[in-house]
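Here's a quick briefing on one protein model. Take a look at the fold first, then go through the notes by topic.

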Amino acid sequence: MDAAQQEATARARELQRNWYGEPLGALFRRLIEDLGLNQARLAGVLGLSAPMLSQLMSGQRAKIGNPAVVQRVQLLQDLAAQVSDGSVSAAEATERMEEIKKSQGGSVLSNTTQTTNSSGAPTVKRVVREIQSLLRSVAAAGDIIEAADTLAPSHPELAEFLRVYGAGRTSDAVAHYQSHQN
């Protein structure tokens with residue numbers, strides 16, 4: 001790889017960090033490991049070609065162009081967290097991955113039975129994910145942080161909301177929400 005290619009790859013990974021919170025290579029490798037997949041299977045679940053997934057992982061491409069694929073990535077991240085904490089078995093994860101694969105994306109505010117509590121209300125994590133998805137569908141994380149910085153002097157609460165929900169990690173946003181409920 002020559003210097004120009006290395007620079008382009010570094011730039012793409014930095015853009016991925018701004019848009020998705022981390023380079024896609026790291027994110028996809030974690031999903032592969034946590035869910036027991038290989039690259040071809042992950043590409044199939046996401047609805048990407050294997051070469052496209054490889055290009056995103058290596059930094060040859062920066063952005064996932066299809067919002068439905070971004071939503072599937074988010075759903076897989078949620079599923080991986082559930083597998084890691086033991087609330088979902090490997091067999092159940094395999095079934096859910098098939099459901100995720102079939103999902104068409106649609107509204108980021110759609111509700112599913114997997115993300116509701118026993119009363120039928122959406123879980124806090126699902127609501128946080130929906131807010132994050134909505135914000136990230138209109139701006140990259142870096143742009144959201146910039147907007148928060150601009151708003152901070154006159155609207156500190158809104159700036160904090162944008163930083164936590166628009167550019168932060170889901171677990172931090174859930175903790176933030178729960179800490180403000182009392």
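Let's begin at the start of helix 1, where a side-chain oxygen of Asp2 reaches to within 3.2 Å of the backbone nitrogen of Ala4. Keep in mind that this is a predicted model, so local features need pLDDT of at least 70 and side-chain atom pairs count only at pLDDT 80 or more, while totals for chains, interfaces and linings use all residues. Residues are numbered from 1 along each chain as its sequence is written, and side-chain values use heavy atoms, with hydrogens and water left out.

**Overall fold**

- The protein chain has ten helices and zero strands; helices (H or I, at least four residues) and strands (E, at least two) are DSSP runs, numbered from the N terminus.
- Of the chain's 182 residues, 35% count as buried, where buried means under 20% relative accessible area, exposed over 50% and partly exposed in between, with a 1.4 Å probe and protein chains only.
- Take the contacts (heavy atoms within 4.5 Å) between residues at least 6 apart in sequence: 58% of them join residues at least 24 apart.

**Helix 1**

- Helix 1 covers residues 3–20, and its 18 residues reach 25 Å from first C-alpha to last, close to the 26 Å expected at 1.5 Å a residue; the expected span is 1.5 Å times one less than the number of residues.
- Thr9, Ala12, Gln16 and Tyr20 are the buried residues here. Looking down the axis of helix 1, they fall within an arc of 65°, so they line one face of the helix; the arc is that of the directions from the helix axis to the C-beta atoms.
- In general, an α-helix has 3.6 residues a turn, so residues three or four places apart point the same way.
- On the other side of helix 1 you'll find Ala3, Ala4 and Glu7 exposed.
- The buried residues of helix 1 pack against helix 2 (24–35), helix 4 (50–58) and helix 5 (67–84).
- Just after helix 1, Gly21 takes a positive phi of about 90°.

**Helix 5**

- The 18 residues of helix 5 should span 26 Å at 1.5 Å a residue, and the end C-alpha atoms are 26 Å apart, which agrees.
- Asn66 caps the N-terminal end of helix 5, with a side-chain oxygen 2.8 Å from the backbone nitrogen of Ala68. Just after the helix, Gly86 takes a positive phi of about 85°.
- Buried residues in helix 5 include Ala68, Val69, Leu76 and Ala80. Helix 5's buried residues pack against helix 2, helix 3 (39–46), helix 6 (90–102) and helix 7.
- Gln74 lies in helix 5 and is buried, with a relative accessible area of 10%. Leaving aside neighbours within four places in sequence, Gln74 is in contact with Arg129 and Ser133.
- Asp78 is found in helix 5 too, and counts as buried at 12% relative accessibility. Not counting residues up to four places away in sequence, Asp78 touches Lys125 and Arg129.
- Asp78 and Lys125 are 47 residues apart in sequence, yet 8.8 Å apart in space, C-alpha to C-alpha.

**The largest pocket**

- About 940 Å³ of space lies in the largest pocket.
- How is a pocket defined? On a 1 Å grid over the protein atoms alone, a cavity is a set of points where a 1.4 Å probe fits but cannot get out, whereas a pocket is an open set with protein on both sides within 12 Å along at least five of seven lines; lining residues have an atom within 4 Å of a point.
- Grid points are joined across faces, edges and corners, and the volume is the space filled by probe spheres set on the points.
- The lining has 43 residues, of which Tyr20, Gln74, Gln77, Arg129 and Arg136 lie nearest the centre of the pocket.
- Helix 5 gives the largest share of the lining, eleven residues. Helix 1, helix 2, helix 5, helix 7 (124–138) and helix 10 (170–179) each supply at least two.

- In helix 8 (residues 141–151), Ala141, Ile144 and Ala148 are buried. Seen down the axis of helix 8, these fall within an arc of 60°, so they line one face.
- Glu146 and Thr150 are exposed on the other side of helix 8.
- His176 lies in helix 10 and is buried, with a relative accessible area of 16%.

Conventions:
A polar contact is a pair of N or O atoms within 3.5 Å; within protein, one must be able to donate a hydrogen and the other to accept it, and residues adjacent in sequence count only if both atoms are side-chain atoms.
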